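Trainee: Hi! I'm new to this one, so could you walk me through how some of its pieces pack together?
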Amino acid sequence: MPNRHKTLTRYIIEQDHLHPGVSGDFSGLLSSLATAIKIIANQVQRGALIGALGNAALGDQINVQGEVQKKLDIISNDVMLQENEWSGHIAGMASEEMEDIYQIPEHFQRGKYLLIFDPLDGSSNIDVNVTVGTIFSILRTRHPGEQPGLEDFLQPGTEQVCAGFALYGPATMLVLTTGNGVDCFTLDRDVGDFILTHPQMRIPQDCKEFAINTSNERFWEPPVRRCIGEYLAGKTGPCGKDYNMRWVASLVADTFRILTRGGVFLYPRDSKDPNKPSRLRLMYEANPISFIIEQAGGMAITGRGRVMELQPESLHQRAPFIFGSKNEVERILQYHQEFDRGDPGGPGDFDSPLFSSRSLFRNETQ
Ligand code: MN
Ligand code: MN
């Protein structure tokens, strides 16, 4: 294994040498980010031993999303802010846990990058010891050195210069893209650094696993019902093969499984809450994960177009999110197009006898 001893530090410096136009700013940014991730990993791992589990404060503190904040949400958010604000490389930050932009304090220098993050993804599962993570997205600010405004942050995902996520699971890992493929590192706690363990990850184009929260089935749109119905029909259905369902309900964990062995993930548009077209957040969940998925040869869509081409209108905007193995996602895109065109019939039509007789998800009231 030639890459066994390549540390993140060495990797970052070598990346700098590959792109001589880029100043050391970016490597400085990545190393302070890696420090923040190591600190959060430590806090998450110690959990109950340091009293870090459970809900924050009074137990009814909710964040801007209307979700209960966990103690570790707040701890992780503070670590991200404190470890990144002083470096001089960042012009401003935004987080799932803060309603507004975080301005860099006056006594620190401001740089040319914007850092947007979900400090602890999957945190509703933290008390049951399921894998959680930190997701981040890095953009260029339009006015380096100046205080950024909201409009500076509202850039489509295609403008990201770097994206990644950390996984706090049996091992702590860091998955990273700067637009040259996807590299993954594992934290060696004895050495204290991340080691490149999964260079240039590639998602298989076909897959036999799907991930979706089936309890929302009654709220799905017909193209999604059609797709899941075909998966369930297995070998005897139009797909001609059997599928397995895998659902961790922690976006980082589901993403890493798909990066490792393929699969398709769906948190599609649904009609559950008219104020929320879907659940996942565009700027610090769907965009960074999409950048990674595309860089690993996969595909990431809303159902009707590329996620990264959406023009964000607010910091905490939600977006339908479907991603994974290219051929599967392409098929789901096609199903949405056929539905929107009103194509009748066909073997996969959701009202077809095939769907009704073979799908376990048949809507009894329809
Ligand atoms: Mn999250
Ligand atoms: Mn979170």
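Mentor: Happy to! One definition before we start: an axis here is a line fitted to C-alpha atoms, for helices over the stretch in contact, and angles run from 0 to 180 degrees between N-to-C directions. Keep in mind that this is a predicted model.

Trainee: Okay, at what angle do the axes of α2 and α3 cross?
Mentor: Roughly 155 degrees, and the axes come within 9 Å. Helix α2 covers residues 25-46 and helix α3 covers residues 71-84. Angles over 145 degrees count as roughly antiparallel, so α2 is roughly antiparallel to α3.

Trainee: And is the crossing of α2 and α3 left-handed or right-handed?
Mentor: That crossing is right-handed.

Trainee: Which residues meet there?
Mentor: From α2, they include Leu29, Leu33, Ala36, Ile40 and Val44. Their partners in α3 include Leu72, Ile75, Val79 and Met80. Sorted by type, the residues of this contact are ten nonpolar, five polar and one charged.

Trainee: Switching to the sheet, what's the strand order?
Mentor: The order is β10-β9-β11-β13-β12, five strands in an open sheet with mixed pairing. The edges are β10 (244-245) and β12 (299-301), each pairing on one side only.

Trainee: In which sense do β9 and β10 pair?
Mentor: In the parallel sense, over two bridges, with β9 spanning residues 209-212. Glu209 stands opposite Asn244 in β10.

Trainee: Which helix packs on that sheet?
Mentor: Helix α7, residues 282-295, which touches β12 and β13 (321-324). The direction of α7 makes about 20 degrees with that of β13.

How values were computed:
Residues are numbered from 1 along each chain as its sequence is written. Chains are lettered from A and ligands numbered from 1 in the order in which they are written. This is a predicted model: local features need pLDDT of at least 70, side-chain atom pairs count only at pLDDT 80 or more; totals for chains, interfaces and linings use all residues. Side-chain values use heavy atoms; hydrogens and water are left out. Helices (H or I, at least four residues) and strands (E, at least two) are DSSP runs, numbered from the N terminus. Angles under 35 degrees count as roughly parallel, over 145 as roughly antiparallel, 65 to 115 as roughly perpendicular and the rest as oblique. A crossing is left-handed if the near helix is turned anticlockwise from the far one by less than a right angle, and right-handed if clockwise. Contact means heavy atoms within 4.5 Å. Ala, Val, Leu, Ile, Met, Phe, Trp, Tyr, Cys and Pro count as nonpolar, Asp, Glu, Lys and Arg as charged, and the others, Gly among them, as polar. Two strands pair if DSSP finds at least two bridges between them.
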